[in-house]
Amino acid sequence: MNVTVIGTGRLGAPYAAGMASLGHHVLGVDANQDTVAALQAGRAPFAEPGLAEAITDGAATGHLTFTDSYAQAARHATVHFIAVPTPQRTGSDHHDLSDVYAAADTLAGVIDRDSLIVVKSSVPAGTCDQIAIRIGQLAPAGVRIEVAASPDFMREGCSIADVRRPSRIVLGVQPDGTAEQTLRELWAPCLADGVPLVVTDLRTAELSKLAANAFLATRISFVNALAMFSNAASANIDDLAEVIGHDARIGQHYLAPGLGFGGSCLSKDIRGFVALATDLGVGHSLEFLTAVDDINQARRAQAVDLAVKALGGDPDGQPIAVWGAAFKPGIDDIRDSPALDVAACLHQAGAHVTVYDPQATAHARVEHPELTYATDAAAAVHGARVLLHLTAWPEFATVDPAVLAPGPEPTLVDTRHGLNRDRWRAAGWAISVL
């Protein structure tokens with residue numbers, strides 16, 4: 001099928017490339033001409049495993065092209081996916097929907113035949129209804145533009161695989177429309193492979209992404225609340241989490257204690273979920289999500305406190321090493337990165353902070369030029385009194401602490417529970433675990 005993907009950021013670019021690999025003819029559309037030029041040249045605009053290869057393969061087969069022209073998009077296809085960012089609105093907990101509405105409005109102004117607009121961006125319930133109203137006012141006479149919701153459930157670091165074989169496909173459709181039939185055809189290879197399909201109304205589909213993210217965030221904050229309790233009770237949180245995870249009703253996914261979550265999705269989606277509930281007069285039903293958010297933010301402050309304590313309470317002028325800048329391993333995304341947040345706080349406290357990350361250094365340097373950056377893990381640790389393990393890159397677990405050259409009486413603050421503590425103790429490091 002011919003389809004367009006409006007927006008080629010961290011959602012749209014993998015989605016476009018993944019759809020092309022399924023055999024569809026995909027046109028990616030972005031207002032940023034530099035981004036379009038990079039994609040047209042076969043370059044991935046950010047680090048994501050498999051993305052560069054998928055873009056190259058898509059271009060080679062002719063299934064994947066890019067443009068900044070909405071008019072070209074309207075000529076290319078009658079199925080258009082909106083995959084633009086919906087960040088937290090400035091000064092509010094609500095989602096900023098300006099890019100979603102702008103994309104829909106622009107499309108409606110150039111479409112001259114019956115078409116389908118599918119919203120993949122994370123949006124609050126009722127957004128697609130508003131889009132349908134706006135499109136109805138902008139579309140040419142005699143042209144029917146149907147609106148559907150089909151939220152993404154991609155995981156950063158696994159996005160190409162998640163597009164090619166989603167964990168589930170959710171279709172929110174209008175009554176008496178043709179969107180379900182069209183999208184069933186689009187996803188036919190995945191449906192034949194047994195991918196679950198849920199067809200529902202627009203608002204339920206919109207809520208499904210927010211609800212899923214809220215549940216994941218709750219699991220992460222729950223185990224981190226248990227970690228705080230375990231420290232106070234002199235219990236072992238790693239063993240406790242393992243015990244809980246063996247219950248088949250609970251499972252072990254997202255029960256790893258540590259520094260908590262970051263990125264562009266979980267925090268802003270739980271805040272937007274609470275804000276939407278408040279607008280609907282049922283804010284009390286989701287009050288616990290505010291505590292989930294608070295616990296997550298508190299973990300960052302606790303990591304800072306552990307580092308300061310290791311320095312005798314005075315970080316001023318002290319050398320500190322930080323392993324990790326991306327909010328999770330495998331990518332270069334630093335949006336709401338707990339690692340960079342902790343590093344910046346320690347810098348503000350007067351410490352001399354040196355950061356190393358395998359992929360995210362360039363973005364981190366732009367966002368936090370006040371920090372010092374190393375070219376490898378060992379160089380970051382040279383002379384450091386404290387090392388904070390803040391992003392769980394696999395390479396950090398392979399470093400031999402015996403070959404490092406830290407400062408006197410060094411302390412490892414392992415916030416990701418991913419390093420061999422016995423090995424580090426044997427190399428002369430004191431250990432502090434978040």
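Which hand does the crossing of helix 10 and helix 13 have, left or right?

What you see is a predicted model, where local features need pLDDT of at least 70, side-chain atom pairs count only at pLDDT 80 or more, and totals for chains, interfaces and linings use all residues. Residues are numbered from 1 along each chain as its sequence is written, and side-chain values use heavy atoms, with hydrogens and water left out.

Back to the helices. Helices (H or I, at least four residues) and strands (E, at least two) are DSSP runs, numbered from the N terminus. Two packed helices are described by the angle between their axes and the distance between the axes. The axes are lines fitted to C-alpha atoms, for helices over the stretch in contact, and the angles run from 0 to 180 degrees between N-to-C directions.

Helix 10 and helix 13 pack with their axes 9 Å apart, at an angle of about 50°. They are therefore oblique to each other. On that scale, angles under 35 degrees are roughly parallel, over 145 roughly antiparallel, 65 to 115 roughly perpendicular, and the rest oblique. And here is the answer to my opening: the crossing of helix 10 and helix 13 is left-handed. A crossing gets that name if the near helix is turned anticlockwise from the far one by less than a right angle, and it is right-handed if clockwise.

Helix 10, residues 202-233, also packs against helix 11, residues 237-245, at an angle of about 135° and with axes 9 Å apart. That makes helix 10 oblique to helix 11. This crossing of helix 10 and helix 11 is right-handed.

Now to the aromatic rings. Rings of Phe, Tyr and Trp (its six-membered ring) pair if their centres lie within 6.5 Å; planes under 30 degrees apart count as stacked, over 60 as edge-to-face and the rest as tilted. How many aromatic pairs does that rule give? The count is 6. One of them is Trp323 with Phe396, a stacked pair at 4.8 Å centre to centre and 15° between the planes. Trp323 lies in strand 9 (residues 319-323) and Phe396 in helix 17 (residues 394-398), so this pair ties together parts that are 73 residues apart in sequence.

Buried here means under 20% relative accessible area, exposed over 50%, and partly exposed in between (1.4 Å probe, protein chains only). If you'd like to select the whole cluster on your screen, pick Trp323, Tyr356, Phe396, Trp424 and Trp429, which form one aromatic cluster.

A charge sits over a ring if NZ of Lys or CZ of Arg is within 6 Å of the ring centre and within 35 degrees of the ring normal. Arg134 lies over the face of Tyr101, 4.4 Å from the ring centre. The charged end of Arg168 sits over the ring of Phe153, at 3.7 Å from its centre.

On to the salt bridges, each one a side-chain nitrogen of Lys or Arg within 4 Å of a carboxyl oxygen of Asp or Glu. The whole structure has 20 of them. Let me show you a few.

In the bridge between Arg335 and Glu156, the closest N and O atoms are 3.4 Å apart. Arg335 is in the loop between strand 9 and helix 14, Glu156 is in the loop between strand 6 and helix 7, and the two are 179 residues apart. Arg335 is partly exposed at 36%, whereas Glu156 is buried at 16%.

Next, Asp293 bridges to Arg271, with closest N and O atoms 2.6 Å apart. Asp293 lies in helix 13 and Arg271 in helix 12, so the pair ties together parts that are 22 residues apart in sequence. Asp293 is buried, with a relative accessible area of 11%, and Arg271 is partly exposed at 22%. Elsewhere, salt bridges that share partners join Arg10, Glu156, Asp332, Asp333 and Arg335 into one network.

I'll finish with the backbone. Asp336 has a phi near 50°, a positive value in a residue other than glycine. Asp336 sits in the loop between strand 9 and helix 14, and is partly exposed at 33% relative accessible area. For His417, too, phi is near 50°. His417 lies in the loop between strand 13 and helix 18, and is buried at 18%.
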